[in-house]
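Work through the exercises below with the sequence and the model in view. Each task is followed by a solution in steps.

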Amino acid sequence: MKFMKLGSKRDTFQSDGNNVRYVASELATDITVTVGDVKFYLHKFPLLSKSACLQKLVASSNEDNSDEVQISDIPGGPVAFEICAKFCYGMTVTLNAYNVVAARCAADYLGMHETIEKGNLIYKIDVFLNSSIFRSWKDSIIVLQTTKSMLPLSEELKLVSLCIDAIATKACIDVSKVDWSYTYNRRKLPEENGNDPNSNGVRSRPVPKDWWVEDLCELEIDLYKRVMMNIKTKGIPSPEVIGEALKAYSYRRLPGFSKGVIHSGDVFKYGSTVDTIVWLLPAEKGSVSCSFLLKLLKAAIIVESGEMAREQLVRRIGQQLEEASVNDLLIRAAEGEDVMYDVDMVQKIVKEFLMQDQNGEFNTEEGEVQEIRTPGILTDASKLMVAKLIDAYLAEIAKDPNLPLSKFVDLAEMVSCISRPAHDGLYRAIDMYLKEHPGISKSERKRICKLMDCKKLSVDACMHAVQNERLPLRVVVQVLFFEQVRAAASSGSSTPDLPKGLKDLNSGSNGSSRSAATNPEEDWDAVATAEELKALKGELAALRLGNGVGGSERNGGDGRNSFDKVAISKMKGILKSKRIFTKIWSSKGAQGENSGSDSSESLGSANPEEAKSTPSRNRRHSVS
């Protein structure tokens with residue numbers, strides 16, 4: 001730490017109790033200066049020769065025939081006044097980063113300018129500040145912290161702005177010119193000095209670009225904001241370094257921030273910190289991580305930050321959502337809410353992400369606002385990562401027993417436009433929801449299962465699904481059906497088409513008619529027993545491995561029809577004991593016009609053409 005000694009005489013200031021200070025001298029004191037609750041018994045001549053303020057006060061006291069003057073509002077109080085008084089006596093006084101601001105403000109209050117005497121205290125302090133303090137990184141930060149107690153005078157004397165500019169300038173210098181002695185908050189790692197006993201603490205590895213970020217965490221948020229604004233204005237540090245500085249400050253100043261919470265009742269104090277950090281965020285995408293942005297959003301919600309700050313965070317998070325993790329997205333719902341997590345906020349984030357493919361520019365033409373869509377900027381890889389992320393997020397929030405189905409389905413449908421090769425993650429989320437919400441209605445069960453494309457389940461997922469007693473029976477049939485599709489394709493079949501009868505069995509297309517007694521909701525709500533599922537899977541496996549598949553396809557239409565009949569016959573043999581399975585194949589005459597696609601279309605249909613009515617699907621199939 002830099003320091004400066006003024007004066008050469010021995011310090012003879014002494015105390016008589018807690019509130020009395022006097023100069024030990026052969027000469028009797030002739031003036032009493034009261035500063036706050038402390039009385040100073042001094043001599044007029046050395047004080048009046050250097051202080052314009054004391055000259056006026058003494059002149060006024062002489063008119064009243066008094067030798068006592070009152071100074072109640074001097075910056076720095078009795079301590080700062082004593083420094084100025086010792087300087088007037090020529091006694092030794094030491095100035096350093098901790099007392100120099102108070103001494104400078106007190107000297108200004110007392111009018112210790114060059115016009116009163118050359119080489120006065122104000123001049124000497126200014127020289128010390130400019131030649132030593134503002135050239136030292138550590139001392140500049142300390143001095144800036146001390147200016148707060150001297151406001152507003154320290155601001156009027158430009159001490160605050162000078163400190164800020166000195167700190168910002170040093171933070172922006174080339175790292176090749178930075179000595180590690182600049183920074184005092186980073187711990188020295190043993191490997192940085194090696195085994196050299198003469199290293200004397202000098203770091204051997206290159207100075208990082210963000211060497212200064214931890215030291216600035218010592219500043220209160222108002223001063224920190226001004227320093228960071230000055231650094232950003234200079235435009236030298238990269239956005240990533242600015243982002244690292246904001247991250248370091250957040251972790252230091254917001255208790256519990258690393259865990260996405262704020263451990264304090266002082267909402268206003270930490271609210272100001274969060275709002276300022278959000279305001280200081282660099283505009284460049286990727287300057288801060290998505291994880292950090294989500295922690296900021298959680299903190300903003302806790303401290304009840306303004307809507308503008310939250311919207312800015314949601315927009316920034318949406319721009320780099322593919323970087324997030326499930327834990328990052330688990331935003332706790334507000335107190336008093338029935339649900340565990342704030343799913344609505346995640347929906348807003350996903351919406352911002354998807355809007356990047358629909359960036360709009362607005363032009364006004366004859367008083368009308370027209371929106372022009374520009375080409376999307378999202379890559380297929382980022383879309384796929386977000387789709388998988390939301391699938392995993394859905395699996396987590398599905399564990400909440402109070403989560404409404406509408407929130408689950410709405411969020412899943414937001415990413416349904418993103419094509420992904422497998423629906424295993426979505427299946428896991430649906431299964432988790434069915435497990436935690438066994439009492440949902442038939443229509444709700446149907447709605448959630450329609451989110452999944454059975455064609456896109458992996459072999460492992462199919463094996464789990466066919467043994468999953470929580471799934472509606474129609475879904476189990478479809479899983480087995482598409483397992484047969486894969487088997488037919490892998491066996492070298494000449495055509496990927498399966499027998500028409502099995503397709504009709506699986507899809508129940510719009511054009512099919514239903515018997516008057518059929519309730520379409522029961523097809524979704526019925527659940528097969530473990531024995532039936534095992535038998536159903538075994539029969540399809542037997543069909544898949546039989547020679548009839550290859551032979552029928554090689555022999556043309558007759559072979560295909562023969563296999564069709566065999567397959568249908570075997571399936572009916574397994575399922576005829578269950579009314580629900582009978583309804584899947586039953587004749588559908590009476591309610592053909594009333595049967596909607598909403599209750600009968602295939603969950604796994606990836607080809608929209610399969611949903612259209614065809615002559616073959618309009619034929620009645622008898623199972624009697």
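Two strands pair if DSSP finds at least two bridges between them; strands (E, at least two residues) and helices (H or I, at least four) are DSSP runs, numbered from the N terminus. The model is predicted, so local features need pLDDT of at least 70 and side-chain atom pairs pLDDT 80 or more, while totals for chains, interfaces and linings use all residues. Residues are numbered from 1 along each chain as its sequence is written, and side-chain values use heavy atoms, without hydrogens and water.

**Exercise 1.** Give the strand order of the open sheet of five strands, and find its edges.

Solution. Step one: the order is β2-β3-β5-β4-β6, and the pairing is mixed. Step two: β2 (13-15) and β6 (68-71) each have a single partner strand, so one side of each is left without a neighbour in the sheet. Step three: neighbouring strands are turned by 25 degrees against each other on average, direction ignored. Phe13 has Val23 of β3 as its bridge partner.

**Exercise 2.** Describe how α12 and α13 meet.

Solution. Step one: the axes of α12 (residues 267-280) and α13 (residues 290-302) come within 10 Å and cross at roughly 145 degrees. Axes are lines fitted to C-alpha atoms, for helices over the stretch in contact, with angles from 0 to 180 degrees between N-to-C directions. Step two: Val274, Ile277 and Val278 of α12 meet Phe292, Leu296, Ala299 and Ala300 of α13, where contact means heavy atoms within 4.5 Å. Step three: by class, this contact has seven nonpolar, no polar and no charged residues. Ala, Val, Leu, Ile, Met, Phe, Trp, Tyr, Cys and Pro count as nonpolar, Asp, Glu, Lys and Arg as charged, and the others, Gly among them, as polar.
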